[in-house]
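Subject: Structure handover

Hi,

Here is the structure you asked about. Please open it next to this message. My notes follow below.

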Amino acid sequence: MSYYKDYQTESAVVAALADDSSLLCHELVNNHTALINPNAKILDLEQFDAGRNRKRGIFSTQDIDSFADYIELNAQPEHISVFVDKNQMRAVAILNFDADGFEQGRLDHKAVLDAERTVMFKKLMGMHDMGRCNQKVFAEFLEDWGHKVIARDADGNEIENAKAINAVRNMRIDESAQTDSHAGNYRETRSRLESVEAKSIDGALPAYFTVNDECYQGIPARNLALRLGISNDDGQPVFKLEIKALQSVRDELAKEFADIVATRVLGGVSVCIGQFQG
């Protein structure tokens, strides 16, 4: 470097660097960094400027319009790549994925959109993940969400909400058992077949439920079918509510989410399903 141009040998340069009493000097590497002697430390000069030398950071939102607006204001379409994680329902736009004159950009300026679940879908997923719940909890669920959750009989006919709740609250469990035995010369076998039948004093129990809901804000509503399972716990009915074909529902939601993102962000931006680790 220019500071050492008058030194005759490399040994003289080494001796100067090793001398703690040597004068502090620096060599400007570019407009934003400097190499400082002794110990050849790199110093970022940006901290002394009035502002940053380039845009970087992470913008997070649950609003698709704000996500699209931020991208439009802060990046060029040819520099952007968008990745949609279908499991997390999250879109990550890397605004400096590419850069002029470089094969790839810095990858440190991002906009993140987390799709927001509807209140109804949160509750359904909670019931789905809960597994089993007792009679009281399930009846209260129907009371709270009867305006969205439609009870139906085996033929698909709608059951009035009040009747469905009464049927659940006044349910009883009938249990029967049959024992078969067989004795032979070399072995003896026994089997016990148990059956549990759920009945209601006030009428037929719902066979299944349906819900019409967006699932995520900004995504078109869809019909969800809810499978109802009833089992026995010491003579008390236990309920399990599951979303039918949940993985297929998730895949459809992710595809629609990706399509919405691709439609709202700047034209020409690539949208990929998956995650990117830079």
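Which residue in β14 stands opposite D213? R222 does. D213 belongs to strand β13, which covers residues 208-213, and R222 to strand β14, which covers residues 222-233. The two strands run antiparallel and are joined by six bridges.

One caution before the rest: this is a predicted model.

**Overview**

The protein chain has six helices and 16 strands. It holds 278 residues, and buried residues make up 32% of them. Take the contacts between residues at least 6 apart in sequence: 54% of these join residues at least 24 apart.

**The six-stranded sheet**

β13 and β14 sit in an open sheet of six strands. The order is β8-β15-β14-β13-β9-β10, and the pairing is antiparallel. The edge strands are β8 (132-134) and β10 (158-159). Each of these pairs on one side only.

Two helices pack on this sheet. Helix α3, residues 119-130, touches β8, β9 (149-152), β13, β14 and β15 (236-243). The direction of α3 makes about 125° with that of β15. Helix α4, residues 135-145, also touches β8, β9, β13, β14 and β15. The direction of α4 makes about 90° with that of β8.

**Strand β9 and its neighbours**

β9 is joined to β13 by four bridges, and the two run antiparallel. Here V149 has V211 in β13 as its bridge partner. β9 also runs antiparallel to β10, with two bridges between them. On this side, R152 is partnered by E158 in β10.

β9 and β10 form a hairpin, with five residues between the strands. G156 lies in the turn and has a positive phi of about 90°.

Side chains alternate along β9. V149 and A151 point to one face and are buried.

**Helix α4**

Which residues of α4 are buried? They are Q135, F138, A139, F141, L142 and W145. These residues lie on the same side of α4, because they cover an arc of only 155° around the axis. The face turned away from that buried side carries the exposed residues K136 and D144.

F138 deserves a look. Leaving out residues up to four places away in sequence, F138 touches M127, C133, V168, F209, L228, F239 and L241.

The largest nonpolar core has 53 residues. Which of them touch the most other members? They are F67, F138, F141, V149, F209 and F257. Helix α6, residues 246-264, gives the largest share of this core, with seven residues. In soluble globular proteins, nonpolar side chains tend to be buried together.

α6 has 19 residues. From first C-alpha to last, α6 reaches 27 Å, close to the 27 Å expected at 1.5 Å a residue. The buried residues in α6 include L246, V249, L253, A254, F257, A258 and V261. Why do they lie on the same side of α6? They cover an arc of only 165° around the axis, which puts them there.

- S81 is found in strand β5, residues 81-85. Is S81 buried or exposed? S81 counts as buried, because its relative accessibility is 9% and the cut-off for buried is under 20%. Beyond residues up to four places away in sequence, S81 touches V92, A93, I94, F97 and S270.
- A68 lies in helix α2, residues 64-74. With 4% relative accessibility, A68 counts as buried. A68 and T263 are 195 residues apart in sequence, yet their C-alpha atoms are 9.6 Å apart in space.
- G235 lies in the loop between β14 and β15. G235 is partly exposed, at a relative accessible area of 38%.

**To recap**

The sheet is open, with antiparallel pairing. Helices α3 and α4 pack on it. F138 is buried in α4 and is among the core residues that touch the most other members.

Best wishes

Technical notes:
Residues are numbered from 1 along each chain as its sequence is written. This is a predicted model: local features need pLDDT of at least 70, side-chain atom pairs count only at pLDDT 80 or more; totals for chains, interfaces and linings use all residues. Side-chain values use heavy atoms; hydrogens and water are left out. Two strands pair if DSSP finds at least two bridges between them. Contact means heavy atoms within 4.5 Å. Axes are lines fitted to C-alpha atoms, for helices over the stretch in contact, and angles run from 0 to 180 degrees between N-to-C directions. A nonpolar core is a set of buried Ala, Val, Leu, Ile, Met, Phe, Trp, Tyr and Cys residues joined through side-chain atoms within 4.5 Å. Buried means under 20% relative accessible area, exposed over 50%, partly exposed in between (1.4 Å probe, protein chains only). The expected span of a helix is 1.5 Å times one less than its number of residues. The arc is that of the directions from the helix axis to the C-beta atoms.
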